[in-house]
Amino acid sequence: MAVTSKLPHVGITIFTVMSQLAADHGAINLSQGYPDFDAPPELIDNVYHYMRAGMNQYAPMQGVLPLREQISKKIKAIYDAQVDPQTQITITSGATEALFAAITAVVQQDDEVIVIEPAYDAYAPVIQLNGGIPVFVSLTYPSYAVDWDRVRDAITDRTRLIILNSPHNPTGTVFGAADMAALEQITANHDLLILSDEVYEHIVFDDQLHHSMLRYPALAEKSFVVSSFGKTYHTTGWKIGYCVAPAALSQEFCKIHQFLTFTSNTPVQLAYADFMEKSEHYLQLSKFYQAKRDLFRKLMEPSRFTPLPCAGTYFQMMGYEQISDAPDVDFARRLTTQYGVAAIPPSVFYNDRKDHKVVRFCFAKQDQTLIQAAEKLCLI
């Protein structure tokens with residue numbers, strides 16, 4: 001049967017490719033972004049409690065109210081923003097579903113969407129599926145800072161949406177106050193919306209502040225803000241995220257969400273709601289992952305890799321220009337098959353496959369895993 005692909009240039013994601021390659025060769029997997037340690041036992045007990053209590057049927061389409069209320073309380077406590085849990089918060093089956101629903105809700109045929117790259121590889125295909133046109137603006141290498149003049153120049157009267165990601169995957173860049181001021185100025189002069197991917201909101205290092213769109217009323221009123229319980233609570237496989245948006249945007253968001261997954265795992269939602277009552281479970285996350293970042297960078301000092309700045313997330317970009325001039329995809333495969341450590345080649349996150357001779361390592365791993373991986377990498 002002949003099938004005309006809606007995404008003819010899209011293949012299997014690099015995360016699947018590298019994780020499979022790591023499994024095939026018995027390599028240490030520092031490629032795909034998930035921990036190799038378990039979720040908090042108390043959280044697992046919470047899920048079991050609600051399963052045994054019979055909470056195993058459909059949750060409301062927007063998510064269980066206790067969880068939405070806890071999210072609202074958190075947003076008030078740390079971002080000083082008032083968000084109505086009834087009309088402005090939707091629980092989703094992972095952050096990627098939330099991104100899909102937000103883009104689909106507002107992007108129509110021939111709308112332009114600004115994408116800051118390197119970019120999470122789910123953004124552009126969803127834009128294209130909805131008839132939109134991705135407009136790519138690259139971060140400045142090697143600082144990976146946003147050039148807001150270039151963003152401003154990319155905006156036209158057809159620009160409908162700008163997708164932002166801070167803390168940023170894969171680079172580890174974190175927006176500062178100057179970035180938010182520039183964004184406020186740009187968006188004040190244009191009729192466009194913001195999709196803010198903030199799944200690493202609680203993983204920011206060196207006493208920096210996470211500048212959520214929710215902190216800024218002028219930005220919050222035109223933003224979809226997406227986050228992830230999987231990143232925060234070491235439970236990526238449970239696939240629960242959420243989207244916060246003004247009531248009118250949330251209404252359009254839910255029109256899409258109801259036909260994607262309709263609702264998400266009920267006992268897990270209730271378990272998260274209980275777990276969120278103790279704010280230390282997410283407020284300590286920056287310190288936890290900064291220790292892992294610092295350990296990995298220390299372990300890699302004897303190597304020929306060059307660390308780039310990492311202000312947030314659980315990813316470390318490393319230059320390999322002193323080791324090889326091979327393209328990053330080839331080099332990442334070589335790392336996996338010959339040296340036993342899997343990494344991600346960031347060129348796949350660029351529309352034009354820009355290659356800076358850099359690879360991305362995930363340090364959301366047990367200390368012993370990082371020690372073993374660094375020992376192998378230092379031999380190269």
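Contact, as used in these legends, means that heavy atoms lie within 4.5 Å. The views show a predicted model, in which local features need pLDDT of at least 70 and side-chain atom pairs count only at pLDDT 80 or more, whereas totals for chains, interfaces and linings use all residues. Residues are numbered from 1 along each chain as its sequence is written, and side-chain values use heavy atoms, with hydrogens and water left out.

View A. Helices (H or I, at least four residues) and strands (E, at least two) are DSSP runs, numbered from the N terminus. His168 touches Ile116, Pro118, Leu139, Thr173 and Thr313, where residues up to four places away in sequence are not counted. With a relative accessible area of 4%, His168 is buried; buried means under 20% relative accessible area, exposed over 50%, and partly exposed in between, for a 1.4 Å probe and protein chains only. The C-alpha atom of His168 is separated by 25 Å from that of Lys73, which is 95 residues apart from His168 along the chain.

**View C. Buried and exposed residues of helix H13 (residues 285-299).** H13 has 15 residues and reaches 21 Å from its first C-alpha to its last, close to the 21 Å expected at 1.5 Å a residue, the expected span being 1.5 Å times one less than the number of residues. Within H13, Leu285, Ser286, Tyr289, Lys292, Arg293 and Phe296 are buried. These residues lie on the same side of H13 because they cover an arc of only 130° around the axis, the arc being that of the directions from the helix axis to the C-beta atoms. Lys287 and Lys298 are exposed residues on the face of H13 turned away from its buried side. The buried residues pack against helix H9 (229-233), helix H12 (280-283), strand E10 (315-319), strand E12 (358-362) and helix H15 (367-377).

**View D. Packing of H13 on H15.** The two helices pack at an angle of about 25°, with their axes 9 Å apart; axes are lines fitted to C-alpha atoms, for helices over the stretch in contact, and angles run from 0 to 180 degrees between N-to-C directions. That angle makes H13 roughly parallel to H15, a description that applies to angles under 35 degrees, whereas those over 145 count as roughly antiparallel, 65 to 115 as roughly perpendicular and the rest as oblique. The contact is made by Lys292, Leu295, Phe296 and Leu299 of H13 and by Asp367, Leu370, Ile371, Ala374 and Leu377 of H15.

**View E. Positive phi values at Tyr144 and Lys357.** Tyr144, although not a glycine, has a positive phi of about 55°; this residue lies in the loop between strand E4 (133-138) and helix H6 (148-154), and is buried, with a relative accessible area of 2%. Lys357, which is not a glycine either, has a positive phi of about 60°. Lys357 lies in the loop between strand E11 (341-342) and E12, and is partly exposed, with a relative accessible area of 23%.
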